[in-house]
Number of protein chains: 2
Amino acid sequence: MTVTLADVAARARVSPATVSRVLNGNYPVAASTRERVLRAVDDLDYVLNGPASSLAAATSDLVGILVNDIADPFFGIMAGAAQTQIGGPGDGSGRAGGEKLAVICNTGGSPERELTYLTLLQRQRAAAVVLTGGAVEYPAHQAAMAAKLAKLADAGTRIVFCGRPPLPEGDALVAALAFDNRGGGRRLTEHLIALGHRRIGYVAGPPERTTTRHRLEGHREALRGAGLDTDPADEERLTVHGPYDRRSGYEATLEILRREPGVTAVVAANDTVALGACAAVRDQGLRIPQDISVAGFDDLPFSVDAVPALTTVRLPLFEAGARAGRLAMGKENPPPGGIATIAAELMIRGSTAPPRVG
Amino acid sequence: MTVTLADVAARARVSPATVSRVLNGNYPVAASTRERVLRAVDDLDYVLNGPASSLAAATSDLVGILVNDIADPFFGIMAGAAQTQIGGPGDGSGRAGGEKLAVICNTGGSPERELTYLTLLQRQRAAAVVLTGGAVEYPAHQAAMAAKLAKLADAGTRIVFCGRPPLPEGDALVAALAFDNRGGGRRLTEHLIALGHRRIGYVAGPPERTTTRHRLEGHREALRGAGLDTDPADEERLTVHGPYDRRSGYEATLEILRREPGVTAVVAANDTVALGACAAVRDQGLRIPQDISVAGFDDLPFSVDAVPALTTVRLPLFEAGARAGRLAMGKENPPPGGIATIAAELMIRGSTAPPRVG
DNA sequence: CTGTTAGCGCATTCAA
DNA sequence: TTGAATGCGCTAACAG
């Protein structure tokens with residue numbers, strides 16, 4: 001029924017070992033023999049048995065890419081980019097050669113699912129794992145992650161972080177590409193301050209995530225730098241946390257406007273949240289940017305099409321994802337020290353302007 | 001070094017077979033024995049060897065989800081939804097039980113890569129494959145796909161189409177969830193005609209894709225129904241094809257406005273394209289919807305936040321993806337005849353209005 | 001309910 | 001450059 005390597009060997013009149021060598025390509029085989037084997041493969045429409053091959057070789061061609069929310073283009077762009085470096089372009093024959101299988105795993109932002117997926121990938125003896133997006137900072141989870149990743153690395157799985165800071169207790173067992181969320185957040189708020197804003201609302205992400213914390217820290221750094229951090233209680237009052245989605249942006253913004261009608265600008269944790277913030281501002285009968293400035297983070301593709309176009313911080317998601325993919329494949333050397341910080345670029349557009357006078 | 005099932009058996013003082021039975025859970029085992037085994041598993045931090053297990057069982061716990069472009073939320077939403085039904089919620093232990101590993105494969109819309117991924121999944125002896133999005137209609141590719149899918153089905157892989165029409169020569173070997181692209185396209189254009197529009201530009205997707213063809217056919221059906229299809233050359237002139245991205249929407253719209261300055265409405269192949277169309281309209285100094293109405297398709301999350309909010313056709317992407325996931329898991333029975341058509345709902349919003357008089 | 005016995009299909013020694 | 005032999009770690013009969 002199912003064609004095996006032995007069938008191919010028989011038809012090509014060689015030993016199974018030779019067929020294996022041809023298929024894996026990492027061993028000298030006479031050209032004529034190779035020819036004969038490949039013809040037999042095509043004739044029989046043979047497809048390698050992955051599990052058997054992985055069992056014998058003790059490694060698989062699976063590469064896992066973990067994301068928090070694949071419906072969010074932030075992750076979609078990084079994951080897609082990583083996959084371009086891993087899957088290989090194919091040779092056009094559809095026959096599939098030595099390519100790796102890049103697989104995207106959607107954790108939904110849940111620490112448990114993150115661990116479960118890592119176990120599943122460990123079970124598959126994955127060749128590499130790419131972890132994208134911010135991490136959850138619960139100590140117990142961090143410890144569990146560190147232990148799990150150590151075990152994976154131990155088993156020969158390459159670990160790459162993409163857009164995520166290295167673990168606190170992180171040994172040099174990983175390569176990490178971290179976004180400069182703090183710097184980006186700082187420059188964004190500095191921009192608002194330079195425009196003349198003094199009371200700035202902040203719609204933050206979930207408090208337990210590193211991304212949230214770093215962006216917020218950048219924001220407060222800027223406030224502090226301008227001497228605007230006079231009252232900590234005030235800062236609290238102008239900050240509302242919520243998930244990284246539109247609805248949260250909408251509701252948090254309403255809340256901020258309720259708490260402090262005098263805000264002249266709202267900074268959102270990311271562009272999706274900013275869209276919700278814009279909707280809330282508009283629904284209150286206020287104009288952007290004349291009455292309230294709004295800013296986002298990430299510079300997702302749709303942000304330039306918002307009306308007015310969204311001021312935001314650009315993260316090179318595609319480039320970072322592609323680089324992570326290459327690191328996972330061992331096609332590129334890790335950065336010095338294992339960690340590279342990826343710069344964030346301030347994109348000033350129409351959604352921010354000086355506050356109304358008075 | 002690496003702990004095996006035999007090690008667990010030894011520590012639990014049972015046979016390897018018993019351990020296997022406990023782990024797979026599909027066989028009666030005494031509670032006390034199970035207890036002992038599970039403790040041994042935890043003590044030794046044992047993780048099943050997936051390849052070995054797949055080899056012996058001749059099936060794996062991999063489920064493939066093929067998408068054209070994972071950076072596009074259209075696919076991200078469907079893929080994420082499918083994964084919720086496949087990955088299982090986990091048991092919170094991070095230990096991973098009998099879950100399947102749902103993996104997303106990004107074809108980039110390339111027929112070759114689509115085939116390559118199917119081969120890779122075939123090699124892994126995938127339990128199921130979900131194909132999302134429109135198909136490419138090149139006869140050679142369709143034949144190759146049919147052959148490949150037949151082989152997969154033959155090997156016991158469940159095949160599910162999601163948002164994609166069944167193959168022409170499709171046997172009943174698959175379950176297919178098809179979107180009513182034609183009906184949605186028709187109703188959208190009927191809406192514009194009812195508003196009074198007579199010269200409607202159409203920014204279509206790539207000509208070789210079923211999605212493109214069906215939406216365009218719906219559009220023309222509506223024109224025909226209103227007696228507006230008087231001149232085929234005219235219809236050609238008002239239709240411009242391009243990829244499903246923002247840039248294409250921008251450029252095609254400029255082209256349409258150049259060819260026929262008298263258009264009062266532009267229909268885009270999807271929402272992303274519509275965003276580009278809006279930008280083009282605006283850059284020409286025209287207002288939406290006063291000067292030109294613009295409509296999209298899909299109702300992606302950002303569409304309601306466009307200004308004005310985008311009139312579009314809602315596709316229940318999440319629900320469809322989740323259902324596809326359940327079908328792939330065998331948790332739900334296939335629809336009668338193997339094919340279900342999923343309704344599309346017209347969402348009338350601010351971006352469409354009656355044309356200016358005169 | 002549990003143990004014993006055979007492979008699953010391939011990569012990799014070691015010889016030739 | 002090629003062939004023969006061995007075992008990867010597990011599941012699935014079949015007994016008991």
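Biologist: Where does a phosphate oxygen of DNA strand C meet a polar backbone atom of the protein?

Modeller: One looks for pairs of N or O atoms within 3.5 Å, and in this predicted model a polar backbone atom of Ser15(B) is 2.9 Å from a phosphate oxygen of DNA strand C.

Biologist: Which elements give two or more residues to the surface near DNA strand C?

Modeller: They are helix H2 (16–24) and helix H4 (50–57) of chain A, together with helix H2 (16–24) and helix H4 (50–57) of chain B.

Biologist: How many residues surround DNA strand C, and which are the closest?

Modeller: A residue is counted if one of its heavy atoms lies within 4 Å of the strand, and here 24 residues surround DNA strand C, the closest being Leu5(A), Ser20(A), Tyr46(A), Arg21(B) and Thr33(B).

Biologist: Which residues of helix H1 of chain B are buried, and why do they line one face?

Modeller: In helix H1 (residues 5–12) of chain B the buried residues are Leu5(B), Val8(B), Ala9(B) and Ala12(B). Seen down the axis of H1(B), these buried residues fall within an arc of 100 degrees, and therefore they line one face of the helix. What covers them includes H2 and helix H3 (31–44) of chain B.

Biologist: What follows H1(B)?

Modeller: Arg13(B) follows, and its phi is positive, near 60 degrees.

Technical notes: Residues are numbered from 1 along each chain as its sequence is written. Chains are lettered from A and ligands numbered from 1 in the order in which they are written. This is a predicted model: local features need pLDDT of at least 70, side-chain atom pairs count only at pLDDT 80 or more; totals for chains, interfaces and linings use all residues. Side-chain values use heavy atoms; hydrogens and water are left out. A polar contact is a pair of N or O atoms within 3.5 Å; within protein, one must be able to donate a hydrogen and the other to accept it, and residues adjacent in sequence count only if both atoms are side-chain atoms. Helices (H or I, at least four residues) and strands (E, at least two) are DSSP runs, numbered from the N terminus. Buried means under 20% relative accessible area, exposed over 50%, partly exposed in between (1.4 Å probe, protein chains only). The arc is that of the directions from the helix axis to the C-beta atoms. Contact means heavy atoms within 4.5 Å.
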